[in-house]
Amino acid sequence: MSAHHRELAPQPIRNKLKWELAIVLALSFGYSGARAIITIFERLAQEVELSQQTATINRPLAQDQWFDLLYQLLGIVGGLAPVALVIYLLWNDGAPRLTNLGLGAYPPVAKQRGWLRETGGGFILAAAIGLPGIVFYVFSKWIGINATVVPTALDAYWWTVPILILQALRAALGEELIVVAYLFDRLKRLGVGPLATIITSALLRGSYHLYQGFGGFIGNVVMGLVFGWAYQRYGRSLPLIVAHWLLDIVSFVGYPLALALWPAFFA
């Protein structure tokens, strides 16, 4: 099933959809992209080389562990608010309710194994993206176009790993349901073709990773092209969400262990 299954909207509705799209992006990854663009210019203006700078993804938000936990949980809920918004905007009045987000019901024949097959596809997609991604990160640091990415600087509390897993889920749901599923639906209704939609989605994904450096931008554009193609081809969000969640869990939770085992790798 193709992701582009909805008809082109009439002109008055298209005008409204343009405003809706602008508002959703301003509340989510459009804002993040604009902020990341400013950040990369700020990094380039510093006397320290880009490869000698650090970009921390998950950082403490308070000195006291209980207030830090509350702030972390609040940040996760706040980050999921735009996801709730696009679910509301694309919600179907009739069943299946989430088909416009690539999460609709499976056909009767595939219902028993559909979720399992798509989850497995997410694991495969994560491996296909993750392994080359590590190599490219090392290369981009070596040639000086990327900062050192620190996935987490959280202190080791009892809640640290669960919070990192939830942060990974928040990122996976946000990026795949907004930057892919929602964006694909709205651009289709605005008359944008499949190839332009995939490229637009990939460039948006790359833009809000620019705070990491140009390597982060390029790597995520490539990831966006692969994910966009997969969504255009199959019209399903679950494999993308699973793949993204796995990649971020490995990055966030595995970082302290990797740092202890191979400190020179992160120098």
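I began with the span 159-183, which has 96% helix and 0% strand, with its end C-alpha atoms 34 Å apart. Helices here are DSSP runs of H or I with at least four residues, and strands are runs of E with at least two, numbered from the N terminus. Before going on I noted that this is a predicted model, in which local features need pLDDT of at least 70 and side-chain atom pairs count only at pLDDT 80 or more, while totals for chains, interfaces and linings use all residues. I also noted that residues are numbered from 1 along each chain as its sequence is written, and that side-chain values use heavy atoms, with hydrogens and water left out.

**Annotated spans.** The span 159-183 is one of those that UniProt, in an unreviewed entry, lists as "transmembrane region", the others being 21-41, 69-91, 121-139, 214-231 and 243-265. UniProt positions are in the numbering used here, feature names are shortened, and annotations may be inferred rather than shown by experiment. I checked residues 121-139 as well and found 100% helix and 0% strand, with 28 Å between the end C-alpha atoms. The unreviewed UniProt entry also places "domain: CAAX prenyl protease 2/Lysostaphin resistance protein A-like" at residues 158-249.

**Whole chain.** I counted 8 helices and 2 strands, which follow one another along the sequence as α-α-β-α-α-β-α-α-α-α. The radius of gyration, taken over C-alpha atoms, is 19 Å, close to the 18 Å of the globule rule for 267 residues, so the chain is as compact as a globular protein of that length; the rule is 2.2 Å times the number of residues to the power 0.38. Along the principal axes, the C-alpha atoms fill a box of roughly 55 × 40 × 35 Å. I found that 44% of the 267 residues count as buried, where buried means under 20% relative accessible area, exposed over 50% and partly exposed in between, with a 1.4 Å probe and protein chains only. Among contacts (heavy atoms within 4.5 Å) between residues at least 6 apart in sequence, 77% join residues at least 24 apart.

**Nonpolar cores.** A nonpolar core is a set of buried Ala, Val, Leu, Ile, Met, Phe, Trp, Tyr and Cys residues joined through side-chain atoms within 4.5 Å. The largest one has 34 residues, and L21, F227 and L240 touch the most other members. Helices α1 (11-26), α3 (65-90), α4, α5 (160-189), α6 (194-207), α7 (214-234) and α8 (238-261) each supply at least two residues of this core, and α5 gives the most, with 10 residues. A second, separate core of 8 residues includes W159, L164, A168 and F252.

**L21 and L190.** Apart from neighbours within four places in sequence, L21 is in contact with Y182, L183, R186, L187 and L190. I then followed L190, which sits in the loop between α5 and α6 and counts as buried because its relative accessibility is 19%. The C-alpha atoms of L190 and Q11 are 8.6 Å apart, although 179 residues separate the two along the chain.

**R205.** Beyond four places in sequence, R205 is in contact with E175, E176, V179, V180, N220, M223, G224, F227 and H244.

S140 lies in helix α4 (residues 111-142) and counts as buried at 0% relative accessibility. The side chain of S140 reaches the backbone oxygen of Y137 at 2.9 Å. Not counting residues up to four places away, S140 touches I145, N146 and G215. L50 is in the loop between α2 (29-45) and β1 (54-58) and is buried, with a relative accessible area of 8%. Leaving aside neighbours within four places, I listed I40, R43, G144, I145, N146, A147, G213 and F214 as the contacts of L50. I also looked up the C-alpha separation of L50 and L101, 51 residues apart along the chain, and it is 38 Å.

How values were computed:
A polar contact is a pair of N or O atoms within 3.5 Å; within protein, one must be able to donate a hydrogen and the other to accept it, and residues adjacent in sequence count only if both atoms are side-chain atoms.
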